[in-house]
Amino acid sequence: MFSNYLKVAVRNLLRHKVYSAINILSLALGMAGCMGIMIFIRFVLSTDNFHERGDRIYRVISILTSERQSPMHTPSVSGPIGPSMMNDYPEVENYTRFIWQWHSTARYNGKWIDLEKSVCTDPSIFEVFSFKLIIGNPKTALREPNSIVLTETTAETIFGDEEPLGKILYFPDAGDFKVTGIMEDVPVNSLMGFHYLMPIDKKRFNWIEEYGRIGLVTYVLLKEGADPGNLESKFPAFSKKYFAEDADKIAYYLQPMKDILLRSGHISGEAPMALLLCLISALALLILVIACVNYMNLSTARAAYRAREVGMRKVFGAGRMHLVRQFLGESIIQALVAMLLVVCVIELALPVCDDMFKMPLELDWVLYLGFIAIAMFAGILAGSYPALVLSSFQPLRVLKGISKTGSRGLLLRRILVVTQLAFSVFLIVCALLISRQVNYLLKQDMGFDKEQVVTIPMTDRIRSQYETIRQELLRIPSITGVTASSSKFGGINQIVAYDFEGRNPEDSWNASFMSIDYDFVPFYGLELTQGRNFSRDFATDPGQGYIINEALAKKLGWDSAVGKGFGIRGGMGTVIGVLKDFNYASLQSKIQPLILQLSPGDFGTLSLRITQDNTQGTLKLVEGIWSRYELNRPFKYTFLDEDIVRMYQPVKIGSWVAGAASFLAVFIACMGLLGLISFSAQERSKEIGIRKVLGASVTNILLLLSREYLVLIGIAVLIAWPMAWFAFNLFLQNFAYRVEIGLVPFILGGLIVLVIAASTVSYQAVKAAIADPVESLRYE
Amino acid sequence: MIKTVDLCKVYTTEEVETTALNNVNVEVSQGEFVAVMGPSGCGKSTLLNLLGLLDQPTSGQLHLNGLEVSRYSERQRAALRKASLGFVFQSFNLIDELTVYENVELPLLYLRTKAGERRKRVGEVLDQMEITHRRNHFPQQLSGGQQQRVAVARAVISKPKLILADEPTGNLDSAHGDEVMSLLLNLNQSGTTIVMVTHSVHYAEYAHRTVHLLDGRVVTENVREVLGV
């Protein structure tokens, strides 16, 4: 029986090539999204699963509580936490601590080499995690404070074919380091993608033994059979022991290693990966459903072609279930063919993906099983409704030639088409709206002048010679301004506790902090609403003068802030000016309180404003000055406006994903429309023939065939608009600064679908309308 | 073998009620060859569809092999159809996607006959119908007469006790029509009961007797006797 079904299925596929192609291609496109997501999720789930003791490794998370803020979960803890836990609790077998360093430059043989992120850690890293040393002894490699362990690729980049062991690398911030080990590269599916390891040097990190300073990540390895819950129950006592009266402000718990990637949404600074994956999967699933709807529509519309077969099978004794099985089988076969197509494309795309994103994705049997499951699901979903409709035919009726599905089937088909189109319009409008929001953020007046600004990270030498260098830079005609600050806009991550007159000594108050020089305020075009800028005329300005922003003045309830007593880091001075609020961070968040102080010792970023002409020439001149003062560090710069664009990259990716999804959805929906209209043109060919014989024009016929679809597109647009409006409003909740929603994206989104769908429909309709009527009538 | 008692079939649409059969009482014995005749719309095909369990009567009784089957469910009727009935239609109703061999084999698949047995029986029947040389062709590659021979082969493959033929020669020229009628006659002579609807007096003469219908009623039975033929 199965082979009989298979034969009929294959012969039907080959006989109606256009419809088969539409069905298979729609299913393939719909399944491609799901299959792609499946590969990605499998890759994500494999994150850090290569550590042999992974099920016993936990990250220590601290919950910091203060009266004015909701509790903050952070993986950043103080240095002695790991050693103390190991000391106090027999359950803890080992620990290792990570101090991340994001970017550095090293010199070897007089050449500067840029190195990406690295970790200062304990020698126990090789006992806790399963990183493998190729050369060197894991027990001793990180014992000396000036030792360094490189990954294979990093060693190759620096030394080429030379033997790396024992070679000396010079780091401007930390001095000379001797290579004591080479380790395998950290797998791509690890959250710890460091390029080299250094020991935690107590001299460099002099805060490492203070309980009060947080700043490193601690992983603990529990003994076999140890109960993490039981251990956590002892942590309140731990806080009490080491933090005395502050114990109620700090609490600890253990996060299993396998939860770090997916279940860290509540942890400060970490992305809600699980939520994101769910959202993308839901999107992929919706597109698959759209593709399945195509199959349902086309199969039920064309049911008449199979009616006689169904009738005869029933006459010869087939039960309804026989037929349901047969038609489900056919849809599953088409879904499997579609799956094979997608697998071929994926096989071709994976190497490209590896090259572009450094993601060595691979197809294995688990994924193949998953693909088959997706194909089965798509086949069953797509085939279920047609199978029910076709198997319900009464043999007598179909043998008499009455096989139309009737008005109910037609209504359902219309509902399905409207759903598909509405979803397409919804996605397009969302994509347009998100990109509008991104553009809005980029064009938004941030309250400071970001054009033509070059920022250069400062070194100790540059900092110490700042005034001289500033004068030299200003002598270059194409440089119109020079200033320095502790960090650049968008990158302020320094939070300080501040003091002010009238503060309740019990309370602690925190705000963002930036150290600036005299020229910073005019350089960036910042506006003072009260008081004055820092001035060289006032000897007390450096160190004791403070400029705050309006947000801070408002928080403190100061209408007139100038002259009020204010200080940070234990010192006390006065507020000399209040700046009009400007967006020093991402526009996603509201403007937070900010303190500006004149303290040249904190400078970390040099900002230059240059004229538009001959940018490269200007930068060459700047590099010339740089290299006269700084021999140990290469000259590096970025453009501020580009940095700001980078800040919105995640939102841009969101808009890109919505755009790609809407393209797929529109494409699939239009293929379905193409199938339906060509079928209806075929079915009505006799009617069209008669109408043409009686004098109908091509336009009349065109309207006759496409009117119904135009109405359906219209209904879809009307349904999609409020949905998109609602969804985008939800999305906007994430932003402190929101674009006016406006009508344009809605009208544009509707028009795009209308034009694409209408041209699809008209193409077929025109073909039918200009056909020779004699042809269609002859065969009737 | 067949006995109908006051068999009625009324088709109801939203606006019209049409009585297709009105208190029809017919009996067909085992081994008989009965022709059903009458003008278009008299209810011939309706009667045949009721006898073939393709449709349910509005009222009255239908006895098949001593069983009253008029109220059987679709499932029971399907079971009975595949076990003991064979059908031949005017428009052949072969499945376009299946070859001659596969079309003939189809009823055996639903009877779950073993593959070896299927091959043997399909081979025999194709030989009997003299279309073995066309076994791998598709229906649209055959002449009308050949298609109807395939349809007859498909009707007899399950060795049914009763074959219901609805104008089996209606779409055929006289040479092919004669061929098909002699096939049916052969089957009848070997013991199969046949009820055949026809417009043709010529082909009705192949039957043992003829039932005449007019406006849904039996007007005469055994035309040959009435006319003194």
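In this predicted model, the contact between the two chains takes 18 residues from chain B and 18 residues from chain A. On the side of chain B that touches chain A, the elements that give two or more residues are α2 (74-84), β7 (85-89) and α3 (100-110) of chain B. Helix α3(B) gives the largest share of that side, five residues. Sorted by class, the side of chain B that touches chain A holds ten nonpolar, six charged and two polar residues.

**Chain A overall**

Chain A has 780 residues, of which 37% count as buried. Its secondary structure comprises 25 helices and 25 strands. The C-alpha trace of chain A spans about 105 × 60 × 55 Å along its principal axes. Among the contacts in chain A with a separation of 6 or more, 81% are between residues 24 or more positions apart.

**Helix α3 of chain A**

Helix α3 of chain A runs over residues 81-88, and its buried residues are Ile81(A), Gly82(A) and Met85(A). These residues lie on the same side of α3(A), because the arc they cover around the axis is only 100°.

**Two helix pairs**

Two packed helices are described by the angle between their axes and the distance between the axes. One pair from each chain is listed here.

| Helix pair | Angle | Axis distance |
|---|---|---|
| α5(B) (residues 144-156) and α6(B) (residues 174-189) | about 15° | 9 Å |
| α15(A) (residues 466-474) and α19(A) (residues 615-629) | roughly 155° | within 10 Å |

In chain B, α5(B) and α6(B) pack at an angle of about 15°. Angles under 35 degrees count as roughly parallel, so α5(B) is roughly parallel to α6(B). The crossing of α5(B) past α6(B) is right-handed. From α5(B), the residues in the contact are Gly144(B), Gly145(B), Gln148(B), Arg149(B), Val152(B) and Val156(B). They meet His176(B), Glu179(B), Val180(B), Leu183(B) and Leu187(B) of α6(B). By class, the contact of α5(B) with α6(B) has five nonpolar, four polar and two charged residues.

In chain A, the axes of α15(A) and α19(A) cross at roughly 155°. Angles over 145 degrees count as roughly antiparallel, and α15(A) and α19(A) are therefore roughly antiparallel to each other. Helix α15(A) passes α19(A) in a right-handed crossing. Helix α15(A) contributes Ile469(A), Glu472(A) and Leu473(A) to the contact, while α19(A) contributes Val622(A), Ile625(A) and Tyr629(A). The contact of α15(A) with α19(A) has five nonpolar residues, one charged residue and no polar residues.

Technical notes:
Residues are numbered from 1 along each chain as its sequence is written. Chains are lettered from A and ligands numbered from 1 in the order in which they are written. This is a predicted model: local features need pLDDT of at least 70, side-chain atom pairs count only at pLDDT 80 or more; totals for chains, interfaces and linings use all residues. Helices (H or I, at least four residues) and strands (E, at least two) are DSSP runs, numbered from the N terminus. A residue is buried if 20 or more other C-beta atoms lie within 10 Å of its own, exposed if 12 or fewer, and partly exposed in between; C-beta atoms are placed from the backbone. Two residues are in contact if their C-beta atoms, placed from the backbone, lie within 7 Å. Ala, Val, Leu, Ile, Met, Phe, Trp, Tyr, Cys and Pro count as nonpolar, Asp, Glu, Lys and Arg as charged, and the others, Gly among them, as polar. The arc is that of the directions from the helix axis to the C-beta atoms. Axes are lines fitted to C-alpha atoms, for helices over the stretch in contact, and angles run from 0 to 180 degrees between N-to-C directions. Angles under 35 degrees count as roughly parallel, over 145 as roughly antiparallel, 65 to 115 as roughly perpendicular and the rest as oblique. A crossing is left-handed if the near helix is turned anticlockwise from the far one by less than a right angle, and right-handed if clockwise.
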